[in-house]
Amino acid sequence: MTDVRDHLREWAMPHVLCPGCAHGIVLRSFLEAVDEQEIDRNRLAMVAGIGCSSRLVGYVDFCTLHGTHGRAPAFATGLKMARPELHVVVVTGDGDGLAIGANHLIHAARRNIDITVLLLNNSIYGMTGGQAAPTTPTGAVASTTPGGNTEPNFDACKLLIGAGASFVARVLAANPIEMTRVMVEGMTHSGFSFIEVVSDCPEYYGRYNGMGGGADMLTWMAGREVGVTGPLSSKRFVNHVPSSTAPPGMATGIIQREERPVFTGVHGEGSHGP
Amino acid sequence: MSGAKLVQGNEACVRGALAAGCNFYAGYPITPSSEIAELMVRFLPDAGGVFVQMEDEIASLATVIGASLAGSRAMTATSGPGFSLMQEHIGFATMAEVPCVVVNVMRGGPSTGLPTSPSQGDVMQARWGTHGDHPSIVLAPSSVGEVFNLTVKAFNLAERFRTPVTLIYDEIIGHTRESVVFPDSVDVISRPRPNGDPSTFLPKAAPPDGVPPMPAFGDGYRFHVTGLTHDERGFPTTDPGQAGALITRIHDKVTNHQEEITEIETLMLDDAEIAIFAYGIVGRSAHEAVLRAREAGIRVGMIRPLTLWPFPYHQVGEVAAQVDTLLVAEMNLGQLIGEVERAAAGRSEIVGHLRADGEPITPTDLVAAISGAGAVRT
Amino acid sequence: MDRSEYRIAGAGGQGVVTAGRILAEAAILSGAEAIHNQVYGPQSRGGASRSDVVIATERIGYPLAEEIDLLVALSGEACSRYHPELADRSRLVVDSRCVPTDLRTSDRPYPIVDTARSVSGGQLVSGVVALGVLQALTGVVEAATLCRAVADRVPTRHCEMNLEALEAGMRLVAGDER
């Protein structure tokens with residue numbers, strides 16, 4: 001294995017992420033996954049939208065596209081269809097991918113285009129200063145929900161399964177080795193793969209909800225994965241939910257995997273399909 | 001005339017795009033532009049291209065930009081409501097300097113407006129629709145044959161200057177079938193490509209003409225593309241010097257080459273006392289009106305820009321200096337008339353003939369307006 | 001410049017747009033310049049539909065019809081909408097089922113839609129029957145050229161039926177003159 005730092009644009013550092021933010025751990029796990037697959041950097045396109053997680057693409061020495069808010073799956077669709085030999089990976093956040101860009105995300109999943117989407121879910125809008133996101137749990141505090149969020153939150157993986165994603169997984173930033181393993185599985189999957197990474201935002205989500213710093217949040221996160229000693233399908237992540245109507249948590253691990261015809265756009269005869 | 005075919009404006013757009021080497025189309029259905037998508041999916045695959053119908057117009061242009069970054073000559077087509085949604089990515093393509101062609105077949109607006117009626121209500125949106133300070137290249141054909149020619153030109157300008165180019169015409173031109181003869185081949189210009197060492201490549205370092213060489217993703221150059229203000233490395237910066245240099249350069253690369261971009265038709269201006277300023281479908285009415293008014297002994301001519309933006313201030317100003325009255329005819333409530341006033345700078349009287357009810361401005365309307373303009377003058 | 005203008009108007013589903021396109025294509029086959037315009041509403045079937053064809057010996061300036069030489073109205077709605085706009089010198093051909101009360105001596109009613117029904121069992125070839133009438137009345141294009149344009153435009157499996165409809169339209173005028 002090479003040093004994953006070879007994949008970084010060190011000249012672009014220092015990065016914009018806050019101390020304690022787990023997005024860096026996620027990036028490292030991703031670079032390990034790239035390394036393990038021995039992907040040619042010239043053939044790896046990384047596409048992002050707007051937000052903290054989307055800024056990661058600036059620091060990796062691949063072909064990188066930092067697009068517009070929520071639209072990364074659409075940019076990625078154009079890249080992949082125009083140049084199918086590219087490995088195309090989208091990095092998005094929970095606001096980017098599930099609010100303003102949810103439409104593009106579900107349609108990319110429906111088409112089963114052969115790209116991988118990493119959705120880094122930190123339960124809040126970080127870059128704009130801690131506003132509530134579609135993933136902010138009911139009851140949680142954000143700058144726009146000072147009395148606690150009154151809206152229900154998305155389960156991103158259920159949404160993507162409903163949209164037809166052929167590979168869906170959820171991993172925790174607190175489990176970096178597991179994260180790399182699942183990313184390799186997702187990236188080698190033929191068709192659309194969606195991986196939600198439960199990340200953290202100590203600066204806003206953690207501070208607003210009294211969860212401590214980055215290390216505290218990761219420790220907390222690791223402890224919120226339940227059912228790990230039972231069958232794999234029973235593994236769940238139970239978020240920070242102060243209310244008594246807490247849902248039973250969200251499944252973790254590889255939740256969905258199926259083979260479906262892969263979308264390549266309407267080319268000449270016979271190119272649409274597996 | 002040999003080889004003439006009855007061709008619809010929207011089909012001429014598709015033929016022009018294919019002649020210009022278009023090999024990627026993404027779009028979303030909308031009247032009165034849908035024929036472009038329907039013909040693209042028929043012809044593009046055989047031409048080695050890719051077609052995809054997207055979930056909306058925002059995604060359509062994002063997909064086109066992605067394809068262009070991967071080396072394709074890419075386009076989309078829409079009408080007013082979709083053009084509004086595309087503004088976000090017209091801005092992105094301008095900032096990131098990604099060649100692409102956007103066709104707007106104008107219908108009555110605002111909002112859903114008059115879906116099957118003609119309008120010229122989007123000509124200022126085509127200039128200023130996206131936020132921020134930016135250049136625009138906008139071409140406006142007035143016949144089916146010109147739709148073909150200007151579609152080719154739109155691709156060539158997009159590639160030449162690494163910028164989005166808008167082709168704008170109204171519902172009548174889009175749906176009219178006219179006898180045309182297409183050329184066997186056209187001149188095709190491709191984006192400048194780098195040939196240096198990828199390890200020292202600066203993606204936004206421009207030569208004197210202001211247009212940086214552009215590799216495609218996958219060509220062996222690894223670089224960063226962003227809509228944020230960036231430096232020559234393509235990396236975000238908030239440094240005022242770098243920010244100013246970037247925004248100036250993306251303007252100058254267009255405005256410094258205006259003579260390469262601007263195309264104008266003039267008719268009988270030599271001795272004219274009145275000139276009609278018209279574009280697109282109204283240019284056809286103006287042409288006819290000039291011929292009829294001349295028969296009646298009125299000294300009238302016409303100036304018709306095929307390039308709406310950058311606006312031909314110089315050429316319109318010269319006409320203003322020569323005539324007594326400029327009659328501006330457009331199918332909106334007064335959009336380019338403001339630019340004509342700026343160009344004229346008081347050197348001629350400006351009279352508007354404006355209409356925004358979904359009906360065309362006819363030659364008869366303009367002959368009456370010319371007579372009226374003459375009466376006002378005396 | 002010799003310029004003439006034709007309008008075929010009716011309801012969606014009467015083949016009005018196709019008929020206009022065929023007329024324009026026939027004119028181009030004859031070496032003339034031609035333009036075809038269509039006006040339509042949101043409905044694909046029913047609703048109003050209109051085809052305008054401008055034919056000229058030279059390059060056509062203004063592409064839209066300004067003074068119709070011949071209007072073919074296949075529905076009452078089309079007739080009541082466009083008949084009043086006709087200039088004195090212009091002619092009206094109207095389907096026999098919807099003859100207006102103010103028919104002028106130069107206007108001609110013909111059973112165009114009924115003829116289409118008897119040829120095809122439906123209304124869709126009404127436009128082509130109307131083209132037969134229009135050709136016989138104006139001679140703006142040769143009959144043989146119009147036949148070729150019909151054959152070029154309609155699907156092969158419907159070609160024979162459309163040519164029959166065209167000839168039936170021409171015979172309506174011939175019968176009228178006898």
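S120(C) touches V125(C), M161(C) and A165(C), leaving aside residues up to four places away in sequence. Keep in mind that this is a predicted model.

**Around S120(C)**
- You'll find S120(C) in helix α3 of chain C, which covers residues 112–120.
- Is S120(C) buried or exposed? It has 20 other C-beta atoms within 10 Å, and 20 or more is what it takes to count as buried, so S120(C) is buried.

**Chain C as a whole**
- Chain C is built from six helices and six strands.
- Follow the sequence and those elements come in the order β-α-β-β-β-α-β-β-α-α-α-α.
- The radius of gyration of chain C is 15 Å, close to the 16 Å that the globule rule gives for 178 residues, so chain C is as compact as a globular protein of that length.
- Along its principal axes, the C-alpha trace of chain C spans about 40 × 40 × 40 Å.
- How much of chain C counts as buried? The figure is 49% of its 178 residues.
- Take the contacts in chain C with a separation of 6 or more: 61% of them come from residues 24 or more positions apart.

**How the chains meet**
- Two pairs of chains are in contact, and chains A and B share the most contacts.
- Chain A and chain C, on the other hand, don't touch. Their nearest C-alpha atoms are 24 Å apart.

**Two helices in chain B**
- Over in chain B, helix α3 (residues 57–69) packs with helix α4 (residues 80–96) at an angle of about 30°, and their axes are 7 Å apart.
- An angle under 35 degrees counts as roughly parallel, so α3(B) is roughly parallel to α4(B).
- Which way do they cross, left-handed or right-handed? The crossing of α3(B) and α4(B) is right-handed.
- On the α3(B) side, the residues that meet α4(B) are E57(B), I58(B), L61(B), A62(B) and I65(B).
- Facing them from α4(B) are G82(B), L85(B), M86(B), E88(B), H89(B), F92(B) and A93(B).
- Sort the residues of this contact between α3(B) and α4(B) by type and you get eight nonpolar, two polar and two charged.

Terms used:
Residues numbered from 1 in each chain as written. Chains lettered and ligands numbered in written order. Predicted model: local features only at pLDDT ≥ 70, side-chain atom pairs only at ≥ 80, totals over all residues. Helix = DSSP H or I, 4+ residues; strand = E, 2+ residues; numbered from the N terminus. Buried ≥ 20, exposed ≤ 12 C-beta atoms within 10 Å, placed from the backbone. Contact = placed C-beta atoms within 7 Å. Rg over C-alpha atoms; globule rule 2.2 N^0.38 Å. Axes fitted to C-alpha atoms, helices over the stretch in contact; angles between N-to-C directions. Parallel < 35°, antiparallel > 145°, perpendicular 65-115°, else oblique. Left-handed = near helix turned anticlockwise from the far one by under 90°. Nonpolar A, V, L, I, M, F, W, Y, C, P; charged D, E, K, R; others polar.
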